[in-house]
Amino acid sequence: MNWLIKGARIIDPSQHIDGQMDILIEDGKIVKLGRNLSPSRKKGLDSMELAGLVVTPGLVDMHTHLREPGFEYKETIQTGSEAACAGGFTAIACMPNTNPVNDTRSVTEFILRKATETNLVNVYPIAAITMQSQGNALAEFWDLKEAGAIALSDDGKPVMDSAVMRRALEYAHSLGLPIISHCEDTCLSSGGAMHEGFASTELGLPGIPGIAEDIMVARDLLLAEYTRSSIHIAHVSTAGSVRLIRDAKNRGIKVTAETAPHYFTLTDDDLRTYNVNAKVYPPLRGKDDVEAIKEGLRDGTIDAIASDHAPHALTDKEVEFEYAASGMIGLETSLGLSLRLVSADILTLNQLIEKMSAHPARILRIPGGTLRPGAPADLTIIDLQRSWTVSREAIRSRSKNTPFIGWDLTGKAVMTMKGGVVTYDELNDCHEHPRHS
Amino acid sequence: MILERKDILGIKELSKDEILLILDTADSFIEISTREIKKVPTLRGKTVINLFYEASTRTRTSFEIAAKRLSADTINISASTSSVVKGETLLDTARNLEAMNPDVIVIRHSAAGAPHMLAGMVKQSIINAGDGAHEHPTQALLDMMTIRAKKGRLENLNIAIVGDIAHSRVARSNIYGLKKMGAQVTVAGPATMIPRDIEQMGVTVYSSLDEAIKEVDVIMMLRIQIERQQQNIFPSLREYAQRFCLSKKNISLAKEDVLVMHPGPINRGVEISPDIADGPYSVILDQVTNGVAVRMALLYLLTGGKA
C-alpha cells in the first residue's frame, strides 16, 4: 500500500504536470509529487523504478456495459473489472441496461456490492432515467442517488418523449445528477442495421441515417438550454452532432460529450465483409463523420473518450448480420486505439489523458482523474513504446466481440493501481523494465 | 477455361471474363432444354441442395430443373421463417447440411450477407439465389444472357431499371454486371425508392419514367411490393401506376426495338400494363427460359466443368 515510484514521466493534466518526478504513496493515497523524493520512515514502503514509463491518473471509462445482473453469459462485474484493469482503467461507470434494468435502489446496491467483492476497479452505477428504460415514467432519482448511482441514462434507447426528457433534466439537475443522453430518433433509425450511405446501398442493408442522431442531439441541447440544466451526449458518431455541440458550447449551453475509439478509427466501409463484430449502435459512420469526430476531439468539442464496452457472446453475434446484436468490447483496446490520435498529432498525450481521466471524472462528478496529494492512489502506468497485437486469447472480457483482433497497436497500460494496490501488472513479464526492488 | 472460384455470391466480385465465361456456357446449354430427352449425365452423382429461407417459385424451380437436366440429385429445403424464429441458427443448419456432403448449396435468404456467412463456414460451393436487398447474381446473369441474345451485345446499350431500386437485389446485381459489360445504366423511381449515394455505382438517376426510358435499348421494370406502402415509400398503388406504369402511352419514348424485361412476378397494371407484358417488346418469358440455362452453367462450372 506504500510506494515510492521513481524515474517515471508523470502526466497529470488536472495539475498541469508533465515531467519526470517521483510519487510517494502512503495508505492508499497520494502523499507527494516531487523530484528526488526520499522514502519516509514509514514501514513496508516499496520502491518502484519506472524509468521510461509514463504514470497518469487512473483512467476513467464513463461508458461501459457490465451485463450483470441478467446477462452474465456476456460479462460479469468480475470479468468486466478484470478487463478494465488490463486496459488501464481504475474507474468505470456502468450503464443500466441489465436485466432487471438498474431503475431501482436494489439493483444499484447489488452492483455496488458485487463491485466491492471484486474490488479491482471503482464501479460507478449509472441508473435509468425511466422505469425499465421504457421512456415513460421517471425512476426514483433521489433514492437511486442515495443508493450510489452517479448519473442517469436510458443508454441503448433514447427518451423519445420530449416532455419526459424535459422533466428528467429538471428533476435530475436539482439533485446534481448528470443526465447522459443516448441520442437516436427511433422513427428514423427503426429497422436499420448500419449507417445509411454508399456502403449500405451497396450491401443492401437497411440504413440508419446520421440525422437520426443529429435531430435528438439538437432536441436535447434545446431542452438543456430551456431547463437551464446540463446534459452529456453519449457516443457521438456524426459530423452533425459535433457541429451542434460545438455551436451549443459557444452559446454557453452546459453540454459535454463523449465519443468512442471505434468512431474515430473505423468507417462504414469496414462492414463490407458483413463483419458482425463491427456492428455497433450508433453505427460506424462515413469518412466525413470520422474526420469531424477527430476535429471535435482536437478543438475540445468532445470532452471525453469512453469505450462503450458492449460485450456480446458468440451466440449473439454468429448469426445473419441484420439479426446480430450490436456492440463491441472496448475496455482493453480503448487506450491503444486512442494513442493513435497522439501519433497522428490530433491530440497531445496530455489532452488524451485528460479526456480519459480528468474530464470523465469531472463530468460524472466522481473522485479520480487526478494525482493531487490526498487523492486515492489510482494510477495507470503506460509504456508508450510497447508494440502489441490484439489477440483473442489475451482478452480478459468474457466476450470477444471486437473487430480489432489482429490489429497492431503501440502503447499499452502495463500496470494499474487502485488505492495503492496493484490491480494489473505485466511488468513482471517484461525484462527491459526493472520491476520494483 | 474454368471458373476458378468456390462460390457465386454476387456479380460485384465477378470479372468481365468470368461473366463472359458463364454466359457462353449458358448459351451452349440452351439446346439441352429443347431436346425431347431433356437430360445429360454431366452432374450424375452430384448433390445440389436448394436452401430457401424466403418464398420463391420461379428461382427455386429454375434451380431444381437446371440441376435435374444435368442429372444431379436435388433436395429442396424451404424454411418458412428466419433462423431466429426457427430456433436453429443458419450456421447449425449449414453444418448439418455440410455433414451430408452435398456439392452445391443454393441459398436464398431475406437477410443480406447470409450466403457470404455460409460460404465462410462450409466447404461446399454456395450459390446466392438472392440475399435481402443485396444481390441476386443468377437473375442478373440471365438478364444479361437475354439481352445479349436479342441485341447481340451488351456494350454501349442504354438500359433503364425502373422501380424500387432501394429494396431490389435484382437492380444491384444488374448494375454491377451491366456496367462491367460496358452498358450505360439509368435508374428511376420516386426519390423514396432510390437508395442513398447510388450515383457512386456509376448510374444516372431520374425521378420520372418518361425521362428514364427516352431512347433506351432495354427497360427493366421491377416488382412493386405492396407492403412497402406502409413504410410510406409510395402513397398508393394508384398513384404509383399513374407515374411509373410502363404502358402503350410511354413505350414509344424508347427505341423502336426496345426490350422490356421484368424479373417477375409481375403486378399487371401496377408497374407494367398487360399489353406491354404480353406485347411484342416483352422478353419476360425468354428470361425465364434462359434462367434454367444460366443455372445449369453455374452448377456445371462450380463443380469443375470446363467451358
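This is a predicted model: local features need pLDDT of at least 70, side-chain atom pairs count only at pLDDT 80 or more; totals for chains, interfaces and linings use all residues.
## Chain A overall

Chain A contains 14 helices and 20 strands. Its C-alpha atoms fill a box of roughly 65 × 45 × 45 Å along the principal axes. The radius of gyration is 21 Å. For 437 residues, a compact globule would come out near 22 Å, so chain A agrees with that expectation.

Of the 437 residues in chain A, 63% are buried. The accessible surface is about 15900 Å², and carbon and sulfur atoms hold 50% of it.

## Chain B overall

Chain B has 12 helices and nine strands. Its C-alpha trace spans about 55 × 45 × 35 Å along the principal axes. A compact globule of 307 residues would have a radius of gyration near 19 Å; chain B has 19 Å, so it agrees.

Buried residues account for 58% of the 307 in chain B. The accessible surface comes to about 12600 Å², with 49% on carbon and sulfur atoms. In chain B, 73% of the contacts with a separation of 6 or more are between residues 24 or more positions apart. There are 37 positive and 35 negative side chains in chain B, and the centres of these sets lie 2 Å apart.

## The interface

The two chains touch. Chain B gives 27 residues to the contact, and chain A gives 16. Together they bury about 1700 Å², of which 56% is on carbon and sulfur atoms. On the chain B side, B:Ala112, B:Met117 and B:Arg196 stand out: they supply 26% of the area that chain B buries against chain A, more than any other three residues.

## A:His262 and its surroundings

A:His262 sits in helix H9 of chain A, residues 261-265. Its relative accessibility is 2%, below the 20% cut-off, so A:His262 counts as buried. Beyond its neighbours within four places in sequence, A:His262 is in contact with A:Val280, A:Leu284, A:Ser307, A:Asp308, A:Met328 and A:Phe404. A:Val55 is 207 residues from A:His262 along the chain, and their C-alpha atoms are separated by 25 Å.

A:Pro403 belongs to a loop of chain A, between strand E18 (379-389) and strand E19 (408-418). Despite its loop position, A:Pro403 is buried, with a relative accessible area of 15%. Leaving out neighbours within four places in sequence, its contacts are A:Leu266, A:Asn275, A:Asn277, A:Ala278 and A:Met328.

A:Pro206 is 197 residues from A:Pro403 in sequence. The C-alpha to C-alpha distance between A:Pro403 and A:Pro206 is 21 Å.

## Cis peptide bonds

In chain A, the bond from A:Glu68 to A:Pro69 is cis, with omega near 5°. A:Pro69 is in the loop between strand E8 (59-64) and helix H1 (77-86).

In chain B, the bond from B:Gly264 to B:Pro265 is cis, with omega near -10°. B:Pro265 is in the loop between strand E9 (259-261) and helix H11 (274-277).

A:Ser133 is not a glycine, yet its phi is positive, about 50°. The residue lies in the chain A loop between strand E10 (122-127) and helix H3 (141-147). A:Ser133 has a relative accessible area of 6%, so it is buried.

B:Asn156 also has a positive phi in a residue other than glycine, with a value near 60°. B:Asn156 falls in the chain B loop between helix H6 (137-151) and strand E5 (158-162). Its relative accessible area is 52%; exposed means over 50%, so B:Asn156 is exposed. A:Ser133 is buried, whereas B:Asn156 is exposed.

Terms used: Residues are numbered from 1 along each chain as its sequence is written. Chains are lettered from A and ligands numbered from 1 in the order in which they are written. Side-chain values use heavy atoms; hydrogens and water are left out. Helices (H or I, at least four residues) and strands (E, at least two) are DSSP runs, numbered from the N terminus. The radius of gyration is taken over C-alpha atoms; the globule rule is 2.2 Å times the number of residues to the power 0.38. Buried means under 20% relative accessible area, exposed over 50%, partly exposed in between (1.4 Å probe, protein chains only). Accessible areas come from the Shrake-Rupley method with a 1.4 Å probe; for residues, only the protein chains shown count as cover. Contact means heavy atoms within 4.5 Å. Buried area is the accessible area (1.4 Å probe) that two parts lose on being put together, summed over both. Lys and Arg count as positive and Asp and Glu as negative; His and the chain ends are not counted. The place of a charge is taken as NZ of Lys, CZ of Arg, CG of Asp or CD of Glu.
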